[in-house]
Amino acid sequence: MRFDAEKKDSKNVMEMFSKISPRYDFLNHLFSLNFDKLWRKKAAGNFTPQDGEIYLDLCTGTGDFAIEFKKKKKGEVICLDFSFDMLKVAKKKRDDLFLIRGDALLLPFKDESLDGAMVGFGIRNFEDLKKGLLEVNRILKKKSKFVILEFPKKVEGISGFFFNFYFKRIMPLVGRVFSKDEFAYRYLPLSTEYFKNEEELRTLFDECNFEILSFKKRTSQIVFEAVLIKR
Ligand SMILES: C[S@@+](CC[C@H](N)C(=O)[O-])C[C@H]1O[C@@H](n2cnc3c(N)ncnc32)[C@H](O)[C@@H]1O
C-alpha cells in the first residue's frame, strides 16, 4: 500500500496498521532490540493510579502500553484504536483488556471524565495533531496526566547518522521480508519527517492547554517521553 505520508489520511493509516497487525509485535521488538518494552515501562512509571480511576491508552494497537500500565494493579485502563485488526491481536494477548474501536480525534467520552491518558507511538500518525491533543484535553479531568511516547522528528548528532541509516534503509528492507509490506516500514521514517520538532510540539502542547511537566529523550534520543498536565 502507498499513500501520501505527509497527509496521514486516517483511513490509509488505519488500513496500513491493519495489514501489518499480525507481524507488528514481532517487528516492533526486533527493530527496537526490545528497547520498546523499557520505554513503555518507564513511561507507565509516571502514573500512580488509584482504585476507581479510569485511564485511556490511545492508539493502543496491540495493547502493550496498557498491559504495562495494568502491572500497577490499580485503576482501570481503556484501550482505544481505530484498527480492528490491531485490537484483535491485543485481545488474543490478554483477554482482560477493555477494548474500544474508535478514533482518537473524536473520543467517545464526556468532558473531564477520565483520570489520565497515555499514547505510545500514535500521535505522529494523526491526520490533525492539534485536534487530537485538544480532544485528549477535553476528556481529561483537570490536573491529570497525559503521557506521550513518540519518535522525534530528527535524531541529532552521530547517533542520528546511524539511526537514519537504520530507519530509512534497514527497516524497510526487513519489514518487507517479514510483513510483506515495505511501504509500512518506509512510512515510519516519512511520518517522522512530516512530524513537528520539539519546539513546535512544546508550543502546540501549550496551545492545547497542557503544561509540560517533563520532556525527556531516551536511548540516544531516538524516542521522547513527554509528560503533560491538563491545566
Ligand atoms: C505504531 S502503533 C502503536 C501501538 C502501541 N501504542 C504501541 O506502543 O506499540 C500506532 C497505532 O495507532 C493507531 N492509530 C493511529 N491513528 C489513530 C487514530 N486517529 N485513532 C485511533 N487509532 C489510531 C493505529 O491503528 C495503530 O494501531
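# Talking through helices, burial and contacts

Student: How do you know that helices α1 and α4 run roughly parallel to each other?

Tutor: The axes of α1 (residues 10–31) and α4 (residues 84–93) come within 7 Å and cross at roughly 30°. Axes here are lines fitted to C-alpha atoms, for helices over the stretch in contact, with angles running from 0 to 180 degrees between N-to-C directions. Angles under 35 degrees count as roughly parallel, over 145 as roughly antiparallel, 65 to 115 as roughly perpendicular and the rest as oblique. So α1 and α4 are called roughly parallel. As for the names, helices (H or I, at least four residues) and strands (E, at least two) are DSSP runs, numbered from the N terminus.

Student: Which residues make that contact?

Tutor: Phe 17, Ser 18, Ser 21, Tyr 24 and Asp 25 come from α1, and Asp 85, Met 86, Val 89 and Lys 93 from α4. Contact means heavy atoms within 4.5 Å. These residues divide into four nonpolar, two polar and three charged. Ala, Val, Leu, Ile, Met, Phe, Trp, Tyr, Cys and Pro count as nonpolar, Asp, Glu, Lys and Arg as charged, and the others, Gly among them, as polar.

A word on the source: this is a predicted model, where local features need pLDDT of at least 70 and side-chain atom pairs count only at pLDDT 80 or more, while totals for chains, interfaces and linings use all residues. Residues are numbered from 1 along each chain as its sequence is written, and side-chain values use heavy atoms, with hydrogens and water left out.

Student: Why is Val 89 called partly exposed?

Tutor: Val 89 has a relative accessible area of 23%. Buried means under 20% relative accessible area, exposed over 50%, and partly exposed in between (1.4 Å probe, protein chains only). Val 89 therefore counts as partly exposed. Val 89 touches Ser 21, Asp 25 and Thr 62, leaving out residues up to four places away in sequence.

Student: What makes Lys 230 buried?

Tutor: Lys 230, in strand β7, has 4% relative accessibility, so Lys 230 counts as buried.

Student: What makes the pairing of Lys 230 with Glu 112 a polar contact?

Tutor: Their side chains are 3.1 Å apart. A polar contact is a pair of N or O atoms within 3.5 Å; within protein, one must be able to donate a hydrogen and the other to accept it, and residues adjacent in sequence count only if both atoms are side-chain atoms.

Student: How do you know that the buried residues of α8 are on the same side?

Tutor: In α8 (residues 198–207), Leu 201, Leu 204 and Phe 205 are buried. They cover an arc of only 100° around the axis, so they sit on the same side of α8. The arc is that of the directions from the helix axis to the C-beta atoms.

Student: What do they pack against?

Tutor: The buried residues of α8 pack against α5 (129–139), β5 (140–150), β6 (210–218) and β7 (223–230). In α5, the buried residues include Leu 129, Gly 132 and Leu 133, and among the elements covering the buried residues of α5 are β1, β4 (114–120) and α8.

Student: What is found at the start of each of these two helices?

Tutor: At the start of α8, a side-chain oxygen of Asn 197 reaches to within 3.1 Å of the backbone nitrogen of Glu 199. At the start of α5, a side-chain oxygen of Asp 128 reaches to within 3.3 Å of the backbone nitrogen of Lys 130.
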